Amino acid sequence: RRVHGLITLASFPTASWASVEITDCGGSAAWLEDASLPNTVYFGQDNDITGKIHLTGDVVDFTSSMEVKMHLIFGLKQTIPCIDDQVGSCDLDDGCSAMEDLFGYSCPHFADTTIDLSQRAFTLPSVPSAVSYLLGGKFDIKIKYLSKSDPDDVLMCLKVSGLKLDA
């Protein structure tokens, strides 16, 4: 199962790791409740996610936009560019596929329902050991799902802060 991964070619991660924070950053058709991830997410392994996504209206025909920033030294952050429309800060025309990959629900139509994430796990792809040291670090990730008919309409937005990735 394909899940948006994160890859960077060079990094200078910070030394301290605070707990990961997931917040709902707005949306006209969905809101997030009690979401959590482990402090460290591992490549090539199942990673648990908990929480609920409440859909308050019909969600059809949407795009997704993901912004990924890596924490560097002295509080600086570097935006990770999009690679192969799968890795890093990418805009995808088919938000449905991204939703299916992340949450395991079929598309193209979600309506007035609650998606329970407590029975879900996601797997980032395995990475070769020769580059695994480049992938460790602390990241902030913002995922937005946007209406295709009105790109200014943010249907759902999730922000993950302080997520540590480890190969």
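The model is predicted. The chain has 167 residues, of which 44% count as buried. Its secondary structure comes to 2 helices and 13 strands.

**Overall fold**

- Take the contacts between residues at least 6 apart in sequence: 72% of them join residues at least 24 apart.
- The chain exposes about 8600 Å², and carbon and sulfur atoms supply 50% of that area.

**The nonpolar core**

- In soluble globular proteins, nonpolar side chains tend to be buried together.
- In this model the largest nonpolar core has 32 residues.
- The residues with the most contacts inside this core are Leu37, Ile53, Phe139, Ile141, Val160, Leu163 and Leu165.
- Five strands each supply at least two residues of the core: S2 (30–36), S4 (46–55), S6 (62–71), S12 (137–147) and S13 (154–166).
- Strand S13 gives the most to the core, with 6 residues.

- Leu163 is found in strand S13.
- Leu163 has a relative accessible area of 6%, and it is therefore buried, as the cut-off for buried is under 20%.
- Leu163 and Phe139 are 24 residues apart along the chain, yet their C-alpha atoms are separated by 5.1 Å.
- Leaving aside residues up to four places away in sequence, Leu163 touches Val20, Leu37, Pro38, Asn39, Val41, Gly137, Lys138, Phe139 and Ile141.
- Among these neighbours, Leu37, Phe139 and Ile141 are also listed with the residues that have the most contacts inside the core.

**A nonpolar patch on the surface**

- Ile73, Phe74 and Leu76 form a nonpolar patch on the surface.
- Together these residues have about 370 Å² of accessible area.
- Phe74 has its place in the loop between S6 and S7.
- The relative accessibility of Phe74 is 77%, so this residue counts as exposed, for which the cut-off is over 50%.

- A disulfide is a covalent bond between the sulfur atoms of two cysteines.
- The count for this chain comes to 2 disulfides.
- One of them joins Cys25 to Cys157, with an S to S distance of 1.8 Å.
- The angle about the S-S bond of this pair is -85°, and the link is left-handed.
- Cys25 is partly exposed, with a relative accessible area of 34%, while Cys157 is buried, at 2%.

**The disulfide of Cys82 and Cys90**

- Cys82 and Cys90 also form a disulfide, and their sulfur atoms are 2.1 Å apart.
- The angle about the S-S bond of this pair is 100°, and the link is right-handed.
- Cys82 counts as partly exposed, at 33% relative accessibility, while Cys90 counts as buried, at 2%.
- Cys90 lies in the loop between strand S7 (77–79) and strand S8 (91–92).
- The C-alpha atoms of Cys90 and Ser65 are separated by 5.9 Å, although the two residues are 25 residues apart along the chain.
- Not counting residues up to four places away in sequence, Cys90 touches Ser64, Ser65, Met66, Cys82, Ile83 and Asp85.

Conventions. Residues are numbered from 1 along each chain as its sequence is written. This is a predicted model: local features need pLDDT of at least 70, side-chain atom pairs count only at pLDDT 80 or more; totals for chains, interfaces and linings use all residues. Side-chain values use heavy atoms; hydrogens and water are left out. Helices (H or I, at least four residues) and strands (E, at least two) are DSSP runs, numbered from the N terminus. Buried means under 20% relative accessible area, exposed over 50%, partly exposed in between (1.4 Å probe, protein chains only). Contact means heavy atoms within 4.5 Å. Accessible areas come from the Shrake-Rupley method with a 1.4 Å probe; for residues, only the protein chains shown count as cover. A nonpolar core is a set of buried Ala, Val, Leu, Ile, Met, Phe, Trp, Tyr and Cys residues joined through side-chain atoms within 4.5 Å. Patches are made of residues with over 30% relative accessible area and no salt bridge: like charges are joined within 9 Å, nonpolar side chains (Val, Leu, Ile, Met, Phe, Trp, Tyr) within 5 Å. A salt bridge is a side-chain nitrogen of Lys or Arg within 4 Å of a carboxyl oxygen of Asp or Glu. A disulfide is a pair of cysteine sulfur atoms within 2.5 Å.
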